[in-house]
Each structure stands twice: as C-alpha cells, then as structure tokens.
Amino acid sequence: MKVVKAIIITGFGINCEEEMAAAYKLAGAEANIVHLNEIFAGNVNIHEYDILNFPGGFSYGDDLGSGKVLANKMKYRKLRNGRTFLSEINSFVNSNKFILGICNGFQFLVKMGLLPNIYEKNQQEVTLTRNNSAKFEDRWVYLKANPKSKTPFLKGIDTIFLPVRHGEGKLITKNGKLRTAIKQKNLNCLSYCDEQGNISSQYPENPNGSEMDCAGLTDKTGNILGMMPHPEAFLSLYNHPDWHRLKRMNSNISEEGDGLELFKNIVQHIKKEELNGSTKVS
Amino acid sequence: MKNQIEIVLKDGIRDVEAEKVASEAKNFLKIDTGEMKTGKIYNITYDLNKKEVIEFAEKGLKDEVINEVYINELYKNSKFKSFILVAKFPGVTDDEGFSAQKTLIDILGKKLDTSTQHIYTDKIYYIENKLPKEDLKLIAEKLLGNKLIHHLEYGKFTGSIDYVPEVKIDSSERVKIIDINLSDEELQQLSKSMLLSLNLEEMRAIKYYYLDQKTQKKRQQATLSLQPTDCELEVIAQTWSEHCKHKEFAATIKYVNHETGEIEEIDSLFKTYIKRSTEIIQKRLQKAGNNWLLKVFNDNAGVVKIDDNSVFVWKVETHNSPSTIDPYGGAITGILGNNRDPLGTGIGGGKLLFNTNVLCFGPPDYDKPLLAGQLHPKRIFEGVRHGIEDGGNKSGIPTVNGSIIFDERYSGKPLVYCGTGGVMPTKYAGVNSWEKNISAGDLIVMAGGRVGKDGIHGATFSSAEIDENSPQSAVQIGSPITQKLLSDFLQEAARKGLIKCSTDNGAGGLSSSVGELATICGGAVVNLEKVPLKYPNLKPWEIFISESQERMTLVVQQKKLAELKKLAAAREVELSNIGIFTNHGFLNVKYENETIAFLNMHFLHEGVPKKYMEAEWEPLNLCEPKLEPKLNYNLILEKLMGSLNICSRENVIRQYDHEVKGKTVVKPLMGDDGKAPQDAAVMRLNFDSNQGIAISNGIIPRYGDIDAYHMSAGAFDEAIRQIISVGGKLPDLNDRNNRFWTVNDNFCVPDSYYDPQKNPDGKQKLAKLVQMNKALFDMATFYNIPMTSGKDSMKNDFKAGDVKISIPPTILYSMVAKIEDVRTTTTSNFKQQGDLIYQVGKTYNELGGSEFYKLIGELGKNVPKVRMVEAKRLYEIMMQANEKNLLESAHDISDGGLAVALVESAFTNGVGIAISLPDYSELSYTAQLFSESHSRFVVSVKPENREKFEQLFQTNCHYLGKVTSNEQVKITGKKKILIDLPICKLKKTWDEGLNR
C-alpha cells in the first residue's frame, strides 16, 4: 500500500505546523515539517511528496498585509536550482498533486495567485483582508460545503463546525466578473452558515464580512484548497467547545474531531488514485 | 536620497481601520471626524533607482485587489481637510520596515544590508472634517499614538511628509573614569546623577571595594585605573538593582504585631517563607521517594517532571512600570520577555505551550482628572490587551488563562502579570535539559536581535530626555517575529545538542545574562566590539547594559560553534561570538582590547549590603454595615452580573488566540454558545496521549483591605479549588505518576520602606507583606503545593508632584497541576435540564470585602477565611466524585458568591434554574446568596446519581434545586421568592458590563 506523504512548511512565523502534522499522522499519512529555507537551499524536494501544506500562523507578523512577505519570497526569490518556489509549485500541481493552505496558508495561496487562479496566470484575483470587526477573533463557526465543489478534501462533508482565528479573513474579489466565475465554477467550496446550515452573512456567523460569505476556495481542479477556518484545530472531540455536553447526549460519540475528516479524505483519495493507477509515481 | 511609497485603499474598499478610529473619536473623545481614510508610508533610504522603486511598490507592497500606490508623492484629496501623521521616533522598533526590507531583496534580487534599518514606516490618517488643532492633538495623542515613542504631525495636509527617524549619535569618549572617593553626600549625588538607584550604604560598599588594597593590587596588575569606570558602576548598579537582587525580599525585617503582641526578626521573607516552604515539601517528597520537583528558584523558571521523557517549565513575571508609560509596548515586551524565561531555562529551547495573563486596571469609566503622565485606565486596558494579543497570537502561543481586576487604586500603575509554560525533553543529546553546565573555555554567543539604546536604565529615563534625533530608550516595543525566529532556532539547536545552555537577555541586558552565567564557572571575558549594533556610536557601557529585546545569550563549546553558526544562517538568526567563560573569578569586559570593566565576581554578586526594614501591624477598626431590612435581590443580582469584576471578558478572550497548537481542552469560555466562563484551563501535552495539565490563578486584592493574611491564603485556595473544580487532584506524596503541582508567586506591593515624610505608613504596608508571606508558607506546606519560581515588584506607586496613587498589596498565585487524563475533566456549565444542583462546601457569614459590599459602598469586617483542614477534606471528596463520574458540572464560588456562580453555571442555551435556599437562623439569605466564603462549588448531578452523590458528600453538600428548561433564574427562600429573572436579561447585562 502506498505511503501518502505530506510536507508541512514552517518558519518565519508560521505556527500551526505541529497540529497539521498530527492531523496527517492521525489520518494515516507520513508528515514532515520542513523549514521553508530548506527548500530554497535545495535540501528538500517537494516533488517527493503528495500533499504540500501551508499551515496557519502570523508569517512576518502580517506586516505589509497577511501572507504578503512570504508570498513575495515564494514568488520572486530563486531556489538553488534557479527556479522560483512558485514555479516548483506549478509543476507540483501539474502532476496532479494536492495543496492545502489554512488561514495564513490560504492567504499565501491567494497572494501568490494560486487561488482561485481562474485566468491561470498566477495573478492575484482575490484578497483576504481585515475583518469588518477590525479585530482578530477566535471563535467557532458553522460552515456549509458546496456540494458541487470538486475538491476531494471536502468529500462527504455537508456542514462542519470549526474555529476561525484571524484578523484578516475577509475575502474580496477583484471584480464582479471574477466573482461570477468563482460561483459558476463552484470554487467557493466553503461558506459561513448558521447552525442549521443556511448560508449567513450575519456577524458573527460570518465572522469577517467575506464576499459570498466565502470561507474557502479551490482552484478549478479542486486540487488546491485554501480555507480560513482551522480543521487541524479539531482533531479530537476534546477540542470542541461543548464536548462535555456532546458526550452527555451521546455516550458512544466518536473521540475523533470532525476536522480530521478533511485529512482522512485526502489521504484516502490519494491511496485510491494510486490503486487506480492515476497518480504519477513520485 | 529618500524615496517614498504610499499605499492606500482603492475607492470603494471599506477602510475598517479608519472607521474604527472615527467611531472611537466620536465615542471616547466626542469629536466628529466625518469620513476618514488611512495610508501607510514607506520611507526608503536605500539607494534605489526609479525602476526599482516602482517594481518594489507594485510587486512587493501593493495588494492588487484593494490597493493603490503613490510613489514620491502622497495621496491627496480635497475631500479630506485635516490629517494626522503617526511616525516613530528614531530607534523605535519598526517591524514592518524590516519586513519590507526582506521583501525588497526578494523582489529586486539585490544584496542589501537588511540587518540595520533603511525602510521607515509611518501611518497617515486623512480626516474629512476641518478640525481645530486641539482636537487633532487629542486624537493623535489619545487614540493613535504615544508621544513618548511617536512623532506626531497634524493639521492641514500640504501633500508632503519629510520626517525620517534615522538614528544619529555623535561619537564621544569611549570610557570615563569616575571618582568614587567621595563624601556620603557626594556619593548619593553620584548615584542620582548616573541614575544608579543605589542607596548610600550600597554606594559606600562600592567605595570600600575600590579602596580595598586587594582590589587595588589586582587593578594595578591589570594596568587599570584604581577608580571605577562608568561601565563598572553601571554593571554594579544593574546587578544590585531591586529587580535583579530582590533586596527587600532578602532584607532583615523587624515585625511587630500589636494585635497579637508578637515581635520577631525575619531574616529574608524569601528564605523564611517562600524558599523554606518549597524546601520542606521537597524533603517530604524525597523522603517518600518522589522526585518530580527538579529545579526551583535558581534559574529563569522552575522545572518539574512530567514523565521519563519530558519536563514542564513555567514562569510568571510582571511588567508594570513599562505598561504604565506605554501600555502596548509594556505588555508586548512583558509577554515576549516572559516567553524567554522558560525558553532560557537549563539548556533551553523548550517548546512554549501556553501563555497566561492577569491584569489589574483602574475602572474604564474612571472620571477623575488625570495627573501629569497618567494615562486613562481605559487606554491602558486597551493598550495592554493589544500587546498581549500580538505577543501571544503572533508567536503562536495560546493565551489560555487569566483574570482582569478593576480597582481605582490601579489607575496610576496597572499590574500586568504574564505567564508562560513550556515543555522540554528530559534530555538533549544525553544531557539533562534543565541543568546549566558551563566550563572555562566555553564561548559566549549572543543570538537574536541587535543592540540599541533600548531600555537603558529601564523606566527611570524621563520623557524629557527624548528629543528629535535621540533614539528612544524609555519605552520598548517587542518584535514578535524576531523572537519567533529566535525561538524556533533555539529549539532546533538544543535538540541537535549544539548549545550547552542559554539564558534570556532581559533586564540588565548582557551585563545581567553574562554576569549571572559567569557565576557558574567563575568568570568571563566579553569583547563588546563584537556585539552587532542597530546603529553606530553606542558607548561600551551602553552596549553592555542595553535591554534591547529578543536576544538570548548562549553557552557554546568551541567545537560546536561552526555547526551552530550554519544553522543560525539557515534560519536567518544573527549570531555573534562575543567572549569566553573563564574561572579567574573576574568579569572582564573589553572593547577593542581596552578593559572597560574588571570586577570581582564575588563582590559583584555577594557584595550588596543587606537591607533592614521595619514592619508594624496596628489592627484596623472595622465593622459590619447595617443593611436595609428589605433588599431587592433581583436588582442586586443584575447589578452584580454587570459589575466590573464579574462581567464577561468575552471581547478580550476572543481577541486572544486560545487554541493555537490544538491542545486546549477546557478553554476560557465553553458551552453551546461559547459564553460559559470556566474555572481553570486544561491542555493536553501532546497528540498521542491524554496526559495534560490544568492552569489556574488566584488573586483577590480587595480582601487585603481587611486582612492581608486571609487575602493571601484565600487567593491560594482560589487557585487550588479552580483546579479541583475542573477535575484536578491534590498532590499525594506517595503518588508514583509525577502528579506535580507547580506555583509561581507574584507579589506586587506599594513602596513599603518606611520614611516618616515620604512613606509614613510604610511599616503597616510592610506588615501586610509579611502576613501575605506567612499565609503562603502555611498554605503551601499544608497542601504540599510548592512555589517553583516567582517574582516580586516592590514600588507600585504612581507619583505626580505631591499626589501618589498606590496599588493595594496584591499577590497572584499561578498554579499548574498535572492531569492524568484530560478526558475526565469537567466544565462549569449545567449540561441538561432535570439535573440536580448542589452547593458543595459551607457558607459562612463572610460578606467582608465582597463584591456585594462593594456594590453598596461598604467594606465590612468578616473577610472570608480559609479553613484548610475542612477544605482539604472536601477537595478529596470532590476528587472521588470526579473519579466516579458523578459531576456533570462544577463551578467554584468566588466573586459575587453563590448567586453569581449559579447564574454563570446556567449559561447553556435553553436552561434555567429553580433553587430553594434552606432557612438557617444563623445565616441570612443575603449571606447565603452573596457571601464569598472559600472552598465551595456549585455542582450538578444526574438524577440517577443522587443517592451515590449524597452518600459520598454527606453533610458537605446541600441540595439547592434543579436545572429547568424555562430559561429563568428562580431562587426562593422558605416562604418567598428571592430572585426571579430571565436568564437572557442577566446574560445581556453580564455581556455588556465592560462597554463603558
């Protein structure tokens, strides 16, 4: 059976790398935390992995706008082999591999032009900027998955309850045309909603004022997923803010957290693709 | 040649920051700004051509979707009639400028110096209304900037900003020789003029050291002046400072208690009560063959054993003075500085698991005229909160536990307690991680940020000494990103076995870090010219005592240096080898081969004369108030729920990331709508076991107005019972699973040194401190709960002219206890309707110092007392109840008494409570509802467990009533309804309590 390998980027203020690695391990994959500079130095090759992960954090303290400094580094600075990290990432995506960016990681993906990338030019088409509340907030929100989204990460998920922890999570698209395209192509894979699953633009259900109440985006293939909420913060039932009562109501409740589902999904998907022989051997 | 880039939001993009400022100006300052707009200005002093500047602006700074860029011209729009510029003074931390430099070299692919500053950022605010200068000044100084660190411009905007805060210092003489052979009066004058903060006796000790023939002989041999250098006096002053040597906790105290008639002489509060209590517990543990107490008091943080593979490191500090003058900077350097304590314990490089913060402020609706230099409590609150938010969130450390206490006496000086816990592996490359070993020949390596004038002499520098081109030094702003890089690097280096040990550079800078490390091996030689600087022309003594943040001193073996340097370069952390440890018995500081300081280590660390202080306790003449016969309990409860010390902290808590790392199991707020406040935080330690810890804090300063002993004992009990409440277990000498408890004690007191003119009630204040220490000793040794580290802050008075605002003597106990299985913990909120509600523990007529009395403007006399024996028995029963899964919820009873605890427990959607109070002849309903007697809980129990529960608790529980489904709080006495209110009403009052 194939061992699914996840690489988790860290350094420069990224700070959710450990729970991200734990998520993949719990989902049955191998997870390596790698400092970004190891990739620039040519010591680590991302193509040896199946899933490239950008965890949450405060890279460069959100200076110049969240994710901006590291996005610039990945876009413009040359690796030892003379290519930029962005061009390595494009090759990675072209070989039908997967990328997940959460919170600060989503901000990188957007600012590098990898999401939604409708025009396939790696130009920035949307941004994630300051919440309408003008505050950083840590709160749990309900999310509705777009049933038409292609991404394997969200397979089988209808609604999910996860924490958001950000000050710059409001999604703004560059223009109406892009907004229409995102909706038409079902790239808005996750929306803020109420407890019953109705998409909501009310604060605090939509915690930041995002356009389209959008909490997550994919590219057209569904292989790249970026999202503001933190599935890696809900790996165990005991992360849930009301776990005692859930347990009381259902003594047979699983001790796994719902956030783990995304990681299990992608690991299963890759294993299945491998069986079907559709992935290139790394 | 300066280039300037401005970034603004495109038209039509909501400027939330501008909206926030406009609304604060309206609400707080009553100034109508009209529409506002913000801009960010980057001033660039690198030599760049036009094409490069454009490329940098367009690619590096602009957000395609929302920004517009202006190059070498600024945004101007006739719609905006006024502007305010907030720039930084020279030398003030400008992280954004440094981040921009990193991006610049990535984009241009150019090699430029990014370790000193060449990009300076400003904020500009455009204001629609034409406001008078006074209004703009108010907005600039009260909302946007702090005149101690910011250069502020305002008025009508001309379209250009020329200010660039480059640091320029003239070079001057390197070292000064100072005549110490002076009269007493002159010695005192010298201490004052050099800002040494040493008293006459200490100055005399220094004088005699230099006059001593042995000293003179040594100095002659080393071809040094017989008189001290400026650097030497600075080093001695730093080492002997209250901050470093805790002279008042080490003093001999004559304690006279007129209430009991006892007179005693106490040889050091620290040794007698704090250290001795831990030593007694340590002996008991050792006798029982239990060795989880690994390191106490003699390092940056205490260390206890978790299991064979890992140890827990934990420290709580205060940062009061800096937070008084710049709340944001004070708090962020407080929390980042405190992070470096567990990080620099033993070998160092622990993984930081959580932060805590306990804050004491004046009331946000404080309406007395402000004294010179005094900031409004609301402003201090917001600044400190923001500092803690950035310090924790940006470092990826969850802020899981804390308290906020309001009392008018904190309006001058706030208290800012910052705590950090971390985990280290038991061994790094085969060596015990918590030990510090240094041999002569090991290298002194400085890592992290560069050195500037920051924090020289700490807060004693007055604002008057800051001028246009002098780097600011009174106030420091932390740089979370610099520290994050340093901390990631240190963890990696320690795991690879590349460092022998490490320590923090905090107060006293290198002087203190190297000076203290050198005591382990017996000496050091430092070459100051090797220390990397933020800007040129610092004097050697300034380099040595600068408190520039985000630096650590590492001890490195010669053979490991190359590999360590390689790792540092790969992680973009600056590293410099600045000297070598010796065993010669001297601290030898050089600058380009010239000796700047040459001090005997023994004199430096043991030479400070012992202080003598007097404490005298006169009993207070207090009495219980006469209450109205018919109190409106509905009204009282509603007011209590909205009162400052009880109401919701949700707005603050949600701005702290309390669950990054994914290990927080009991968060500060829990329940189906995330409103229910919890007693202690619970965290798991890793992802593959259920082992964890509970974290709590006890602090009740207002009880000290009646009795300082019971205030201290009560705070200790509060911290214990919060941990019991979530399901923790008391220490057991015979337990074999390292069931550790570890406490940081933090004393903050007003000046307690008696002076007939300046501090006439000093003896009484010191007596309170003695009593607080006695309680600490009694509680710790009774429960076997040891202090492992702590801190005292002795001069918490705010003075302006003849007016002095002094804090009440305050003690904070921060506790951490091991939890074997986090899945067995409990939360405070009721879980299901139909569950039975009990009070556990006994209520006494103890309304003294209560929130209820405060509400009616009384103090009272009957302060809550801790009854240790009964409390311990009760906690043991709670532990059994927990083991047997009998508790559906548990909430400790504290501020506001039973009534408030019941309402808080009912913060679950859809529940209410129906309670009937027993009719005691000796205890009024008022006391039953609002007395704050210690060691009590509100718990809920499944109906089917009633018998088991009552059998276990016997007379220690009192049935109160049931959880209902009518969302109503109904409390009845024998014949009448006492309280009948909808929960939503109480919740709303509670939610909005801080909106004032």
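**Entry 1: strand 28 of chain B**

I looked up the partner of Val666(B) and found that the bridge partner in strand 28 of chain B is Val682(B). The model is predicted, so I note that local features need pLDDT of at least 70, that side-chain atom pairs count only at pLDDT 80 or more, and that totals for chains, interfaces and linings use all residues. Residues are numbered from 1 along each chain as its sequence is written, while chains are lettered from A and ligands numbered from 1 in the order in which they are written.

Strand 25 (residues 664-666) of chain B runs antiparallel to strand 28 of chain B, and two bridges join them. I use strands (E, at least two residues) and helices (H or I, at least four residues) as DSSP runs, numbered from the N terminus. Two strands pair if DSSP finds at least two bridges between them. Strand 28 of chain B also pairs with strand 29 (residues 692-698) of chain B, antiparallel, over four bridges. There, Met683(B) has Ile693(B) as its bridge partner in strand 29 of chain B.

I then checked the faces of strand 28 (residues 681-684) of chain B. In a regular strand the side chains alternate between the two faces of the sheet. Ala681(B) and Met683(B) lie on one side, Val682(B) and Arg684(B) on the other, and all are buried (20 or more other C-beta atoms within 10 Å of the residue's own; exposed means 12 or fewer, partly exposed in between; C-beta atoms are placed from the backbone).

**Entry 2: a six-strand sheet in chain B**

I recorded an open sheet of six strands in chain B, in the order 3-1-2-5-4-6, with antiparallel pairing. Strand 3 (67-71) and strand 6 (150-155) of chain B each have a single partner strand, so one side of each has no neighbour in the sheet. The twist averages 20 degrees from one strand to the next. Angles run from 0 to 180 degrees between N-to-C directions, and axes are lines fitted to C-alpha atoms, for helices over the stretch in contact.

Helix 1 of chain B packs on this sheet, touching strand 2 (36-44) and strand 5 of chain B, and its direction makes about 120 degrees with that of strand 2 of chain B. Contact means that the C-beta atoms of two residues, placed from the backbone, lie within 7 Å. Strand 4 (residues 82-88) and strand 5 (residues 119-127) of chain B run antiparallel and are joined by five bridges; in strand 5 of chain B, Tyr126(B) is the bridge partner of Phe83(B).

**Entry 3: helix 13 of chain B**

Of the 17 residues of helix 13 of chain B, 13 are buried.

In chain A, strand 1 (residues 5-10) has five of its six residues buried. Strand 1 of chain A runs parallel to strand 2 (residues 30-35) of chain A, with six bridges, and Glu30(A) is the bridge partner of Lys5(A).

How many residues does the contact take from chain B and from chain A? I found 51 residues from chain B and 51 residues from chain A. Helix 3 of chain B gives the largest share of the side of chain B that touches chain A, eight residues.
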